[in-house]
Amino acid sequence: MLDLFGNKVVEPLEEGDEKKEISSESRGGGDFIFFALSDALAARDKKKAWMLLSEAFENGIAGETLYWRSFSWKVKKMLENPRSAPRYTREEIVKLSSDLLDLYHLARMGETDFEVGLEEIVLHL
C-alpha cells in the first residue's frame, strides 16, 4: 500500500504474524538513510557512511539525490556550526565542502559519476 506521496506504508502486524525486517524503502521513503548518512558523515564514521551509501544505491536512490539531501545539507550545517562536527577542523570542513562542489561540477560536465564521486569522498573521510 502507498501513501499520498508514493511511499510504501507498513501494515501493522496482526496477532500471529511473523515479524519482518523493515526495509529502508518502507521507512518513510528511505528518509532515514539521508539522516543516518548525514550523521555518519558528521561523526566521521567512514564504515557506517559507506554501508549506508551502498544501501542507498541498492535501493535505487540516485547519487545526486544523496548529494543534495545528505552531503551538501550536512556540510552546510557543519560550516555554519563547526561544533556540530567535533571530529573535523574548520579547514577539513572547508575542504570537504570544496570536494563536494568539485564533484558536483565534474558530474554535471560528465567527467565523473555522482555515485563514484560520493564513494571516493566517503572513503577519504
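**View 1. Phe 114 is a buried residue, at 9% relative accessibility.** Buried stands for a relative accessible area under 20%, exposed for over 50%, and partly exposed for values in between (1.4 Å probe, protein chains only). The model is predicted, so local features need pLDDT of at least 70 and side-chain atom pairs count only at pLDDT 80 or more, while totals for chains, interfaces and linings use all residues. Residues are numbered from 1 along each chain as its sequence is written, and side-chain values use heavy atoms, with hydrogens and water left out. Tyr 67 is buried too, with a relative accessible area of 4%. Together with Trp 68 and Tyr 104, Tyr 67 and Phe 114 form one aromatic cluster.

View 2. Rings of Phe, Tyr and Trp (its six-membered ring) pair if their centres lie within 6.5 Å; planes under 30 degrees apart are stacked, over 60 edge-to-face, and the rest tilted. This rule gives six aromatic pairs. Phe 35 and Trp 73 make an edge-to-face pair, with 6.3 Å from centre to centre and 85 degrees between the planes. Phe 35 belongs to helix α1 (residues 31–43) and Trp 73 to helix α3 (residues 63–80), so their pair ties together parts 38 residues apart in sequence. Trp 73 is partly exposed, at 35% relative accessibility. Tyr 67 and Phe 114 form a tilted pair, with centres 5.5 Å apart and 55 degrees between the planes. This pair links distant parts of the chain, with Tyr 67 in helix α3 and Phe 114 in helix α5 (residues 114–123), 47 residues apart. Helices (H or I, at least four residues) and strands (E, at least two) are DSSP runs, numbered from the N terminus.

**View 3. Ser 38 sits in helix α1.** Ser 38 is buried, at 1% relative accessibility. A polar atom of the Ser 38 side chain lies 2.8 Å from the backbone oxygen of Phe 34. Leaving aside residues up to four places away in sequence, Ser 38 touches Arg 69, Ser 70, Trp 73 and Lys 74; contact means heavy atoms within 4.5 Å.

**View 4. Arg 69 lies over the face of Phe 34.** The distance from the ring centre is 3.9 Å. A charge sits over a ring if NZ of Lys or CZ of Arg is within 6 Å of the ring centre and within 35 degrees of the ring normal.

**View 5. Helix α2 covers residues 46–58.** The end C-alpha atoms of helix α2 are 18 Å apart, which agrees with the 18 Å that its 13 residues should span at 1.5 Å a residue. The expected span is 1.5 Å times one less than the number of residues. Ala 49, Leu 52, Leu 53, Ser 54 and Ala 56 are the buried residues of α2. Gly 60 follows α2 and has a positive phi, near 85 degrees.

**View 6. Arg 44 is placed in the loop between α1 and α2.** Arg 44 is not a glycine, yet its phi is positive, about 60 degrees. Most residues other than glycine have a negative phi. Arg 44 is partly exposed, with a relative accessible area of 29%.

View 7. Along the sequence, the pattern is α-α-α-α-α. Of the 125 residues, 31% count as buried. Among contacts with a separation of 6 or more, 53% are between residues 24 or more positions apart.

Terms used:
Polar contact = N/O pair within 3.5 Å; in protein donor to acceptor, adjacent residues only side chain to side chain.
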